[in-house]
Amino acid sequence: MRKFLSLFIPLLFLAAISRSQNKIITGKITESKDGNLLTGATVKVKGAPQGAQSGADGSFRISVSANAKSLVFSMIGYISQEITLSNQTNFNVMLVKEEKKLEEVVVTSFGIRRNDKALGYAVGKVDPASLLQKSEPDVLKSLQGKVAGVDIRSSQGTPGAATRIQIRGNSSFFGDNQPLIVVDGVPFSNDQVSTSSQTVGGAAYSSGISSLDPNDIASMSVLKGSSAAALYGSRASNGVLIITTKSGSAAKSKKGLEISYSSSASLEQIANLPEYQNDYGTGANFLFSPASNGSWGPAFNTRDSVPNFATYRNAYPELFPASGNIKYQSFPNNVKNLFKNGSVFENSIGLNGGDDKNSVSLTASQLTQKGYVPNSSFNRANIGLGGATKLNIGLNVRGNLSYSRSVQKGGVFGNNQTDGAAALFARSLFLGRNWDTDLPYQDKAGNNLTWNGGGQFDNPDWSARNNIATSNEERMIAGMHADFNINKWIRVDYNLGNNVTSLDRREVTEISSRAAEGLGRIVLDNYRKQEIESNLLLSISPNIHKDFAVNLVAGNNINQRTTTRKIATGNKFITRGIYTLGNTSQQIFGPVVSGVPVPSFGDLYIRQRLTGVFGDLTLSYKNFAFVEVTGRNDWSSTLPKANRSYFYPSVSGSLIVTDALKMKSPIIDFAKLRAGWAKVGRDALPYSLDNVFVLGANFLGQPTASANNGANDPNLKPEFTTEIEVGTQLSFFKRRIEVDFSWYNRNSTNLIAPISIPSSSGYATFNTNYGRINNTGIEIDLTVRPIQTRNLTWSIHAAFTRNRNIVKELIEGVDRLSLRPVFNNFGPYLEAGKPFGFLRGEKVIRDSATGALLINPGTGGMIKSNELDMIGDPNPDYKLGITNSVSYKGFFLSALFDMTIGGDLNSVTVSQILSRGVSLDTKDRLSNWIIPGIYGDPSTGKAILNGGKTIPNTVAITSNDLYFSPNTNNGATFGGNTAAEWNTYDATVYRLREVTIGYEFPKSLFKKLPIGSATLSLSGRNLWFVAPNFPKYTNFDPEVNAYGATSTQGIELSAAPTTRRYGINLKVNF
Amino acid sequence: MTKLIIYAIPVIFLFTGCKKNFLDINKDPNNPTRVEVSKLLPTAQNALGNALTIGNGNLGGLSQILSVYTHQLTTREGQDQYGYTGSGFYIGTTWVSVYQGALENLEQIIKIASASGDRQYVGIAKVLKAYAYSQLVDAFGDIPFSEANRLDSSIRYPKFDDDAAIYPKLFLLLDEALADLGNTTALNLNKPGTDDVIYGGNIARWIKATNTIKLKLYTQIRKVKDVTTEVNQLLSDPSKLINATNESFLLPYGPNGATDDRNPGFGDYTATQRGNHVSPWFYEILKGYNTRHFTFDISDPRVPYYIYNQVRKATVTADPTEYRDSAFISIYFGSRGPNRDRNAQNVISLMGIYPVGGRYDEGLGGTANAASGTGAAPYRFITYADRLYLEAELIQTGIVTGNAKTKLQAAITESFKQVDYVITTYIKPAQTVPVLSGTVPVTNYISQIILQYDAASAALKMEMIITEKWISSFGSAVDQYTDYRRTGYPIIFNPNDPVMAPGGFVQPPLNGNPQIVGPQPVVLVQLQRPYPNSLPWYQAELETNSNAPGQKDLVNSMKVFWMP
């Protein structure tokens, strides 16, 4: 390393040495607080071009001319210091660390840098350091609770599973409604590529962002509103996440060569398991049954032995006594034994070097994650390389190339109670209490073995080892940027980028699984998406008047997206253990959806293009009043020619009240008001104008085609989102308290989406313009710094997010739309006046007069209604994240506590835990129960009257029946087989999400080493949570979701529980 | 120079960006806007079959519901106690399969083939269209008809037509079809061949099927309209009707070969949660156990073809069962018994080789799986036997002259032949299956029934005709449901009937369960709904169609117009 350094240092000083000098000035630069030596600080002669940098030992040496008056010492993150020159030739300079500046520069649309105070809209800034080394490999998950207005939700607790990010709600009916992610100027698709339906199978698919290396992130800004994103146009109506990578920016390092190395190791565990009862085994109503799934059988202490598991006896007769009976006992740890300790290892090395004109940056990272389920893993390797150079003619050129490769392995999810489904967690969390998980999970031939036989589920151990989805994803990003100053006030920027992601997936269902008729199946999915983006910007900033500043940006944007995909399904393995199409005896082109092959999705080529021109005019007055006007016109390939061109403007402004009024208050030191209005247009999906026929699988050897069940409106128009935003930024008591507040009201109208039309029309959907969605919300970022002393600092940051996402209108004649078909009796819907994606499902009938539950006198259970109704709203009331950061000398501690208040979740896991009678919630079962209510007639759905009066229910039912409906339609109870409303819970959850404690070693320790700094930290993730509205002993964490990064929320179908991690992290800079 | 290059780069890109056809790339390269009718016909035929068969959880339709309503199957699901609602899965699959799968493609065929002068295709499409609508009317009553499948005329929300007004239009449509099929002057450059999976392009058979559909529809409305002229005219030349076993109007299914073409009803063999039980009521009639029934003491030789027992007589089941008779295991309609909901899917008896292409019961037991059978059983729309039963019914009512007894005898004889024919022609099982027709048990069975028929009252004679038709049509339940509502036959199980279920309890065969010492326990049964006059409409149709009526009252559901 030293050798390497020694090569560079002379280069750096070359310029300084080569001139003839009058005076040499030397000295040391140290940090004011801890006296650490500062490396890479700049020393310049005021008003002269020459400069120098401090070396590894903090020392500097600069030659100055005799007439030089003063020296300026500066370093990023420190307050610059000027020293008047005298005869003294040796100085010891102490630089003071800079507090977070209010006048920060933020990256806005197309990488245009703006002074924060000039913005008329909210922009969230994320310190990349706050995302790293937190025992969280997913960059989005590590954003949770840190930025107001950003709602991040996870899906499955297995490695690599998708994370959903949403800003200011859903603004389209059926899109994924996730923000546009722009990495180094090129849109970065965050698509979740779903091969199989996640309702009845499908893996914990990842979303595109999982391939991004958090270590390579140089800066991240969140453009929350339409005003901020208007220039990006079409895809920005859900906000924009702008990420600049280190390799993409190839920013000059603070010193000649900077090398950083970071390493983390974490232990990963299942966050929580239910607390189980160990008093009763399988059966029903205290009668033993070896075939039963529920633990409602006799108490363990009432029987010595029971007939053993027939499937096991047949497979392994040698393991069981000849009597055929085994001890009747509980296995308290049978669930726990299914899981193991997982791990996360992450190593990253970054190099950054160069000189005034040239710079180069390299980041290489490796992540290895093993989940708590055997065989689940996520591995990722990233390499990013970027370089920049300044040519003499005034042209700056930058280029970057990054490559990432990830491999995700894991099991299948979904609802197991559907024919042909075989979920990994079908029974894992609610095993019969007398099921021994130490028994072999397969017979001698490798066939799946379950305790109660009957093929109702796959043995979880067998499933984890055999039914595996493997996704290999590769992403290549190549970009170039050139900028040129034509003169002092005209500049041209050109950016061209190509982002290619390719996914190669293999889903295996092994022979003997419950799924695929037990014959085995393989599904291969090959997906490739390429996006090319070209941006040309002309910036004009003439000097017109001392009080007025004008800045005009005009630009052109060309975008092309191409997707290709090939899916093939092979059924009926010829032999076990070979996972190729060649090893199947039936091959079907395309995926199999609900048991039906769909060849028309087998091979797709989709391309769309968009060109746009835009302008952005900013005016400022005396640097305290700012107005920005933008306009953009797009031409899209996906719209009919006549409607292809569409224009949308925005206007925003800000006023720095404190500057305008020249306030000098000891209380308030900064106050800004801002307001903005913007309109953003959006085009259609490709190929959504013509009515087509889809080609089908052969039937009886005959080729088939069918009219596509989606009809299209050939006269689609662009859809628009209009948003008003007002906000303020305030700072009190010399920045001890800072507030950033925004309120917005966003309306998306004339949305392009399929409406469900009646089947009798011959079609299922008609794609057209209609409807309106409204999002209204507030976002508050509050920072309080109670203690700011030389040695001790304490700051508290709170991020508050509240959004109301209401569907305001659909189309005349349509009451509601199904957001996604889940089950006939339950699913997410869109309806005018109701929250987006509200849960609609079966309810039981209540007396129209009193609201009392109607009880079937014949069963003692409730009566289900034939009609579905609203049973929940998955959108939370609000979210709050509170981060406490304390530092004392080199020690630092930060803890993020967050809460999600409100929002409903329908949980299969909780339903099953209750109905199978396995948790302590259902342990007390000796008494019988009467459901409070009145008698009703199941055929009329009306209360039964006796002399005009209702009759209170007196039919007692057993505990078993209370949690497992004895009669689905006419005797619904709670837990299992009941109306969906009873399995829908308020998903409020409080959580200690992230804790980091660490120590930054004093630099004095490394005097003789080439180490610049070293930090060691311990981190913990998801250390504690409580979801108070779920049954107590289920210990259920509602931060799971069946549909990954899609807009379907609030539905959990036997999900893998969340994880908890403990990590140790080291970061060294050379 | 360098400056020039810098300026040139963006200009080049702008130039390419403004290329004339740069944005004209929105023509779908993946899906055609035109196809040949020969590709649409098998889709429509398959969809029509799928709309009517017993289901497998993904495919299938009306028979999955109606086989329970006609007491040939029992389930624990919504069908039990006639509780199937409009949001039930199979109402949805039926509705979607008929309107989107069958009718929309048939309308496309009519449109495309009319333009090209391919009248044979037009004729076939019209027959199938008329038949599809007739099945919907029979099951649901009022349905969208005149405005259905007219999105090209911008009709997004078709109105519901009065069922009584639809039938006359179906007769007109069938007559149009006959004219198209018999059109000798048409160009017919494209003729149906193997793409016609029903008749392989045999136009003569299509004409026979069309006339037989007319005969069936006229018979169905005989109680509300005098159809004497029409049926006598149709019957005047039997050769113009389905007149042989191999002329039956049915949709073939195939094995799980290059593609999976199995009858959805086979799904219980591969299911992960088997839900269909063979009804004990049906079983006891077949076995001759039902003392109130004319088959008492006559065992039906079709039992091992109709029912497959997964266990043997001696098999000890892990859990107690509700209804067991030797190897036959099932649950009752309307059961409230403690053993109804047990995990018994690997011991219950399943539909056998004949209705769904499952297994012929050799008495050896064995858990059903994909290899138990081929699943290649056809869905029978109207068989030759059905035509003979229709004739017997018409003679029995006096609308047509003739000998009802010989017709019934011919019909039952044909019913047995049909089993053999379907097994050898379509199902092609791997196991050896004995021939039924002409065997001693079969001739005995027929002669005993005919002996009883001779002695029976007029009402019982009608009951015998319809009941034998009901037994014969196991697996195709739509017409069974229609026959029951218009004739009152067969007699079905009623848990509220004090004779059938004294005190609300039914008694399985006393010593039917070899594991139990002493009699099998009685089972509590209940029925809390009246018999549905028609099925509820598809809930999603009502919710998406602004011209749809409100959902039917399940209790006093709408009568179909032909009901007396």
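Predicted model: local features only at pLDDT ≥ 70, side-chain atom pairs only at ≥ 80, totals over all residues.
Let's start with helix H5 of chain B, residues 119-140. How far apart should the ends of this helix be? Take 1.5 Å a residue: the 22 residues should then span 32 Å.

Is H5(B) mostly covered or mostly open? Mostly covered: 22 of its 22 residues are buried. As a general point, an α-helix has 3.6 residues a turn, so residues three or four places apart point the same way. Just after H5(B) comes Gly141(B), with a positive phi of about 80°.

Now step back to chain B as a whole. Its secondary structure comes to 18 helices and 12 strands.

How much of chain B is buried? Buried residues make up 65% of the 564. Next, its contacts. Take those in chain B with a separation of 6 or more: residues 24 or more positions apart account for 73% of them. The accessible surface of chain B comes to about 19,300 Å². Carbon and sulfur atoms hold 56% of that surface. On charge, chain B has 49 positive and 50 negative side chains. The centres of those two sets lie 3 Å apart.

Two backbone details in chain B deserve a look. First, some background: most residues other than glycine have a negative phi, and most peptide bonds are trans.

Where does chain B have a cis peptide bond? One runs from Tyr489(B) to Pro490(B), with omega near 0°. Pro490(B) is in the loop between helix H17 (478-487) and strand E11 (505-506).

The other detail is Ser326(B). Its phi is near 60°, a positive value in a residue other than glycine. Ser326(B) is in the loop between strand E7 (323-325) and strand E8 (328-330) of chain B. Its relative accessibility is 25%, so Ser326(B) counts as partly exposed.

On to chain A. This one has 8 helices and 60 strands. Is chain A compact or extended for its length? The globule rule gives 31 Å for 1070 residues, and the radius of gyration of chain A is 32 Å. Those values are close, so chain A is as compact as a globular protein of that length. Its C-alpha trace spans about 105 × 65 × 65 Å along the principal axes.

Of the 1070 residues in chain A, 59% count as buried. For contacts, take pairs at least 6 apart in sequence: 68% of them join residues at least 24 apart. The accessible surface is about 40,100 Å², and 57% of that belongs to carbon and sulfur atoms. Chain A carries 107 positive and 84 negative side chains. The centres of these sets lie 7 Å apart.

Tyr687(A) comes first. It has a positive phi of about 60° although it is not a glycine. Look for Tyr687(A) in the loop between strand E36 (668-682) and strand E37 (693-699). Buried or exposed? The cut-off for buried is under 20% relative accessible area. Tyr687(A) is at 13%, so it counts as buried.

Next, Ser262(A). It sits in strand E17, residues 257-270. Ser262(A) is buried, with a relative accessible area of 11%. What does Ser262(A) touch, beyond residues up to four places away in sequence? Among them are Gln133(A), Asn215(A), Glu346(A) and Leu1066(A). Another pairing: Ser262(A) and Ser365(A) are 103 residues apart in sequence, yet 9.2 Å apart in space, C-alpha to C-alpha.

Last, Val592(A), which is found in strand E31, residues 592-593. Val592(A) is partly exposed, with a relative accessible area of 25%. Which residues does Val592(A) contact, leaving aside neighbours within four places in sequence? Thr569(A) and Pro597(A). Finally, Val592(A) and Gly602(A) are 10 residues apart in sequence. In space, their C-alpha atoms are 9.7 Å apart.

Key: Residues numbered from 1 in each chain as written. Chains lettered and ligands numbered in written order. Heavy atoms only, no water. Helix = DSSP H or I, 4+ residues; strand = E, 2+ residues; numbered from the N terminus. Expected span 1.5 Å × (residues − 1). Buried < 20%, exposed > 50% of the residue type's maximum accessible area, 1.4 Å probe, protein only. Rg over C-alpha atoms; globule rule 2.2 N^0.38 Å. Contact = heavy atoms within 4.5 Å. Areas by Shrake-Rupley, 256 points an atom, 1.4 Å probe, with all protein chains shown as cover. Lys, Arg positive; Asp, Glu negative; His and termini not counted. Charge placed at Lys NZ, Arg CZ, Asp CG, Glu CD.
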